[in-house]
Amino acid sequence: MSYIFVSPGKYIQGKGLLGHIADYTDSLGERPFILLSRGGQKRFGQMIRESFGAMGIKPVMETYGGEVTEKEIAHQAEIARRGKCDYAIGVGGGKVTDTAKFVAWRLDLPTVVCPTIAATDAPTPGRAV
């Protein structure tokens with residue numbers, strides 16, 4: 001029997017890092033798809049836009065619909081596809097980051113997970129639940 005362990009390729013932790021997110025993700029592509037909750041949009045949206053704006057990048061930023069469903073995944077994946085996004089970022093709790101992982105998997109894109117609470121293991125699994 002064989003076992004496969006999937007983990008993040010890189011792990012960065014520290015205060016205020018979302019304000020510099022473009023610096024850490026620019027090697028992944030030029031058009032990020034960013035999924036946030038409504039609260040995440042209010043708390044972090046402008047900071048994230050400014051980080052990418054400083055590099056001349058306009059990300060596709062979307063608000064998460066509330067549940068990890070096939071309909072939500074298909075909807076967000078279509079937005080990312082139409083936006084010609086070349087990587088996906090999930091900012092928030094487990095449901096938001098799982099949905100971003102599903103979008104990335106569906107479109108065969110690299111994934112970045114940015115948990116906004118200390119008690120989540122969202123960045124560690126290679127797949128969404």
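1. A residue is called buried here when its relative accessible area is under 20%, exposed when it is over 50%, and partly exposed in between, with a 1.4 Å probe and protein chains only. By that definition Thr99, which lies in helix α4, is buried, because its relative accessible area is 0%. Helices (H or I, at least four residues) and strands (E, at least two) are DSSP runs, numbered from the N terminus.

2. On provenance, this is a predicted model, in which local features need pLDDT of at least 70 and side-chain atom pairs count only at pLDDT 80 or more, while totals for chains, interfaces and linings use all residues. Residues are numbered from 1 along each chain as its sequence is written, and side-chain values use heavy atoms, with hydrogens and water left out.

3. To return to Thr99, its contacts (heavy atoms within 4.5 Å), leaving aside neighbours within four places in sequence, are Leu35, Tyr64, Val68, Glu72 and Ile73. Thr99 and Thr69 are 30 residues apart in sequence, and their C-alpha atoms are 8.3 Å apart in space.

4. The four strands form an open sheet in the order β2-β1-β3-β4, with parallel pairing, where two strands pair if DSSP finds at least two bridges between them. Since β2 and β4 (111–115) stand at the edges with a single partner strand each, one side of each is left without a neighbour in the sheet. Neighbouring strands are turned by 15° against each other on average, direction ignored; axes are lines fitted to C-alpha atoms, for helices over the stretch in contact, and angles run from 0 to 180 degrees between N-to-C directions. Between β1 and β2 there are four bridges in the parallel sense, and Leu35 has Glu62 in β2 as its bridge partner.

5. The geometry of helix α3 (residues 70–82) is consistent with expectation, because its 13 residues at 1.5 Å a residue should span 18 Å and its end C-alpha atoms are 18 Å apart; the expected span is 1.5 Å times one less than the number of residues. Its buried residues are Glu72, Ile73, Gln76, Ala77, Ile79 and Ala80, and they fall within an arc of 155° seen down the axis, so they line one face of the helix. That arc is taken from the directions from the helix axis to the C-beta atoms. Lys71 and Arg82, on the other side of α3, are exposed, while the cover over the buried residues includes β1 (32–36), β2 (60–63) and α4 (94–107). Lys84, which follows α3, has a positive phi near 55°.

6. A nonpolar core is a set of buried Ala, Val, Leu, Ile, Met, Phe, Trp, Tyr and Cys residues joined through side-chain atoms within 4.5 Å. The largest such core has 15 residues, and those with the most contacts inside it are Ile34, Ile48, Phe52, Ile89 and Val91. Two or more residues of this core come from each of α1 (21–25), β1, α2, β3 and β4. Apart from it lies another core, of 14 residues, including Phe33, Val60, Cys85 and Val103.

7. Finally, Tyr11 sits in the segment before α1 and counts as exposed, at 56% relative accessibility. The C-alpha atoms of Tyr11 and Cys114 are separated by 9.9 Å, although the two residues are 103 residues apart along the chain.
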